[in-house]
Amino acid sequence: MVALDDFIYGEPVESVPPDLQLSGKKKQELGNAVKVKASCGDEACTASAEGKLTKVKKDKLKPASAGLGPGETTTLKLKLTKKTRKKADKALDKGKKVQAKVTVDATDTVGNLATAKRTIKLK
């Protein structure tokens, strides 16, 4: 059964969120950026990523975003500031496990939202 809310001006409303898939290395060297690859399957979308480091107080990664066409995959680079990189390097030197927790939101052209998370170990 189709609800009345599923139609606008007699046209069906597309309510399926993008098929957001994340990939890339789960272990990365500590550098200028944390990288994660994103794709939205067979539809166009805009992917936005944000993240933070564990074991490093109050330090977030600079957000990244990109527009994707159908079937495209792009690499989102969440940059670390010099200060954040130094703190993470000190934590690694002390034997702490530093991880980047990344959340990616993908919005298609109609506004449907999909979210995916990925944890990346830094060494």
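Analyst: Let's start with a rule: two strands pair if DSSP finds at least two bridges between them. This is a predicted model, where local features need pLDDT of at least 70 and side-chain atom pairs count only at pLDDT 80 or more, while totals for chains, interfaces and linings use all residues. Residues are numbered from 1 along each chain as its sequence is written, and side-chain values use heavy atoms, with hydrogens and water left out.

User: OK, so what makes β3 and β5 a pair?

Analyst: Three bridges join β3 (residues 21-23) to β5, and the two strands run antiparallel. Pairing asks for at least two bridges, so three is enough. One spot to look at is L22, which sits opposite A38 in β5.

User: And how do you know that β5 pairs with β8?

Analyst: Same test: seven bridges link them, again antiparallel, and the rule needs at least two, so they pair. A38 turns up here too, with T74 as its bridge partner in β8.

User: What makes something a strand or a helix in the first place?

Analyst: Both are DSSP runs numbered from the N terminus: a helix is H or I over at least four residues, a strand is E over at least two. By that count the protein chain has one helix and 10 strands. From the N terminus, the order is β-β-β-β-β-β-β-β-α-β-β.

User: Why do you call K87 and D59 a salt bridge?

Analyst: The rule wants a side-chain nitrogen of Lys or Arg within 4 Å of a carboxyl oxygen of Asp or Glu. Here the closest N and O atoms are 3.4 Å apart, so the pair passes. The structure holds one salt bridge. K87 lies in helix α1 and D59 in the loop between β6 and β7, so this pair ties together parts that are 28 residues apart in sequence.

User: What makes K55 stand out?

Analyst: Most residues other than glycine have a negative phi. K55 has a positive one, about 70°, although it is not a glycine. K55 lies in the loop between β6 and β7, and its relative accessible area of 56% is over 50%, so it is exposed.

User: What is this "nonpolar core", and which residues have the most contacts inside the largest one?

Analyst: A nonpolar core is a set of buried Ala, Val, Leu, Ile, Met, Phe, Trp, Tyr and Cys residues joined through side-chain atoms within 4.5 Å. The largest has 29 residues, and L20, V34, L53, L76, V102 and V104 have the most contacts inside it. β9 gives the largest share, five residues.

User: What does L53 touch, and how do you know that it counts as contact?

Analyst: Contact means heavy atoms within 4.5 Å. Leaving aside neighbours within four places in sequence, L53 meets that with D59, L61, L80, T84, A88, Q99, A100 and L122.

User: Last one: why is β5 said to be largely enclosed?

Analyst: Five of its seven residues are buried, so the rest of the structure largely encloses β5.

Technical notes: Buried means under 20% relative accessible area, exposed over 50%, partly exposed in between (1.4 Å probe, protein chains only).
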